[in-house]
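User: I am new to reading protein structures and would like to go through this one step by step. Could we begin with the strands and then turn to the helices?
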Amino acid sequence: MILSCSNINKTFVDNHVIKNASFHIEDYEKAAIVGINGAGKSTLLKIIIGKLPADEGLVTFAKDKSFGYLAQHQSVDSANTIFDELLTVKQEVLDLEAGIRQAEHDMKELEGDALEQLLKKYTSMTQRFESINGYAYKSEVTGILKGLGFTEEDFTKKIDTLSGGQKTRVALGKLLLQSPDLIMLDEPTNHLDMNSIAWLENYLLNYKGAVIIVSHDRYFLDKIATKIIEIDNGEVTAFKGNYSQYAKQKEQLRIERMNAYLNQQREIKHQEEVIEKLKSFNREKSIKRAESREKMLDKIERLDKPSEVKADMKLRLTPHKLSGNDVLSVTGLAKSFGNLELFSDINFEIKRGEHVAIIGDNGTGKTTILKILNEILPPDKGTIKLGSNVEIGYYDQEHHVLHMDKTLFEEISDDYPHLTNTEIRNTLAAFLFTGEDVFKKISSLSGGERGRVSLAKLMLSESNFLILDEPTNHLDITSKEILENALNAYEGTILYVSHDRYFINKTASRIMDLHHKELINYIGNYDYYLEKQQILSPEAPTATKVTVEEPTQQKLDWQQQKELQAKQRKKENDLKKCEDRISLLEDKGKALDEEMSKPEVATNSVKLQELANERAKIDEELEELYVKWEELSE
């Protein structure tokens, strides 16, 4: 066991955020903390690392175990470049490398006892250098930076010129390089694109340490987590398994609790009826028996009614006007910003009732396409044709059309006066605004809460074609599930950009991947897209270009499969050769170190220099091989 939390309590004013939380984390375990926004997830992490004191309880780390923590918003203040900033984590390696080089230089000048002492020190340094993977430190830094979405051109950028999201990625890279026994990450995927998230998934899956993650990315949690720690109304409960397994267990537990509550209510009602009947007999014995039953009833520990799952609320969203079957036709669309060409000659069509997700790396132009469709940006070339009776509803987190001086209730009722009070409250409740929340001013809401109000208004609109840009940003898991249910029930057409793979998997019937300035079409959800990606080369997608008439589900022909298999065999052979060469050189290096440590060699400066030069050549080739091996292993 690496971490134990026992009876942790935390209260802010009158809000008991965490109540008697007790759980433990085993060595190498991958755990996730989940709960709605404001449940206390980040608070619990801060208590664990000692940044925030608990009111009661004890946090215990195993002896001699290290931990690292990444907050949601990480400020890295430094005049270093990105690459040099990550190298600061490898200070011991850098110092050892400098010491080894200095020793190699000094050996030329020394002899006798001084040389023998330096040789011992040199051997000790090289052994330590090897034990901490010193020969591969540059390739390790490069691999992590590329995995987190930085290009080699980015490596020389100064830290003080980076955005907040980029600085958080740098901080994450530094933490991963430190390789503590326990990594704690608060929303690590917020600033990563899909490729970087997939890379981080694999990195953490193979990480030789324990991990605690706070995240709303359910696909990520399904891949990583082996334990879910839930915070619900201050109660902390641990569940075995990943997020999907937790969700099933949670639902089963909710059903069991509801059944137990209903059974108890039936029993209480039955006993009350019996007591009333006994009293009505108005006999001494019957009254005594009634009193006895009343005493027993008073001793019963009453079960609280389990809270209803808000995600169960169904919003049946029917557009007031039916569009034609042809909703959107885009031909020859092109857009550049200066010398940067985002895409050219893009063509696609969308039919009524389709739920289409646009995916792709950051900066490829996904949001730009949506802005062009909504006439926020002009295209350089191309035509956009809307079908008959098509009315667009657009959601962009940067352009909420909300009135800051209105309450939530007024924001809905003023725009939709035909709705009853109950209908307005039900709509707001479906987006997690209940009770007195509906009378809050818009100006007092957080960015995520305003996003939910905007989504509620959009879902009530008469639009029959919804265009959404990252609709799940800043939403907690419960809110995402509500939105998924609402969109799946929506009878109109939907086009959206999202990096939330779980959300895409639940809501998309078609995926368009913006890759190398082209849209590649996949008829299916995100799981289907991944299946196709395993067949197709990720560097050169050969899926059919977007056409609505021709589903692109054809299998690769025999020749293409043979070519892919041949490429894979070559890659595996290259990898084996590289590994064999590395093994050979490492053995040679060890033999040279042993040779140089012999007394008869230590006193022979010519022989010693010859061996040192040979060792340096081996080190140089090994460094290149480590980089090559990493590239082949990806």
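Analyst: Let us begin with a definition: two strands pair if DSSP finds at least two bridges between them. Please keep in mind that this is a predicted model.

User: Thanks. In what sense do E10 and E11 pair, and over how many bridges?
Analyst: E10 and E11 pair in the antiparallel sense, over eight bridges.

User: Which sheet do they belong to?
Analyst: They belong to an open sheet of three strands, in the order E11-E10-E13, with antiparallel pairing. Strand E11 (340-351) and strand E13 (381-386) are at the edges with a single partner strand each, so one side of each has no neighbour in the sheet. From one strand to the next, the twist averages 10 degrees.

User: Where is Gly324 placed?
Analyst: Gly324 lies in the loop between helix H10 (284-299) and strand E10 (326-337).

User: Is that glycine buried or exposed, and why?
Analyst: Gly324 counts as buried because its relative accessibility is 16%, and buried means under 20%.

User: What does Gly324 touch?
Analyst: Leaving aside residues up to four places away in sequence, Gly324 touches Arg352 and Ser388. As for Thr427, which is 103 residues apart from Gly324 along the chain, the two C-alpha atoms are separated by 28 Å.

User: Next topic: what is the strand order in the open sheet of six strands?
Analyst: The order is E14-E15-E16-E12-E17-E18, and the pairing is mixed. The edges are strand E14 (392-396) and strand E18 (518-522); each has a single partner strand, so one side of each is left without a neighbour in the sheet. The twist here averages 15 degrees from one strand to the next.

User: How do E14 and E15 run, and how many bridges join them?
Analyst: E14 and strand E15 (residues 465-469) run parallel and are joined by five bridges.

User: What joins E17 to E12 and to E18?
Analyst: Four bridges join E17 to strand E12 (residues 355-359), and these two run parallel. Here Ala357 stands opposite Ile511 in E17. Five bridges join E17 to E18, and these two run antiparallel. Asp513 has Ile520 in E18 as its bridge partner. The hairpin of E17 and E18 has two residues between the strands, and His516 takes a positive phi near 55 degrees in it.

User: Now the helices, please. Which residues of H12 are buried?
Analyst: In helix H12 (residues 408-415), the buried residues are Leu408, Phe409, Glu411, Ile412 and Ser413. They pack against helix H13 (421-430) and helix H14 (447-460).

User: At what angle do H12 and H14 pack?
Analyst: The angle is about 20 degrees, and the axes are 11 Å apart. That angle makes H12 roughly parallel to H14. The crossing of H12 with H14 is right-handed.

User: Which residues meet there?
Analyst: Leu408, Glu411, Ile412 and Asp415 in H12 meet Val453, Lys457 and Leu460 in H14. By class, this contact has four nonpolar, no polar and three charged residues.

User: Last one: at roughly what angle do H5 and H6 cross?
Analyst: Helix H5 (residues 137-147) and helix H6 (residues 164-178) cross at roughly 140 degrees, and their axes come within 10 Å. That makes H5 oblique to H6. H5 passes H6 in a right-handed crossing. Glu140, Val141 and Ile144 in H5 meet Gly173, Leu176 and Leu177 in H6. The contact of H5 with H6 has four nonpolar, one polar and one charged residues.

Terms used:
Residues numbered from 1 in each chain as written. Predicted model: local features only at pLDDT ≥ 70, side-chain atom pairs only at ≥ 80, totals over all residues. Heavy atoms only, no water. Buried < 20%, exposed > 50% of the residue type's maximum accessible area, 1.4 Å probe, protein only. Contact = heavy atoms within 4.5 Å. Axes fitted to C-alpha atoms, helices over the stretch in contact; angles between N-to-C directions. Parallel < 35°, antiparallel > 145°, perpendicular 65-115°, else oblique. Left-handed = near helix turned anticlockwise from the far one by under 90°. Nonpolar A, V, L, I, M, F, W, Y, C, P; charged D, E, K, R; others polar.
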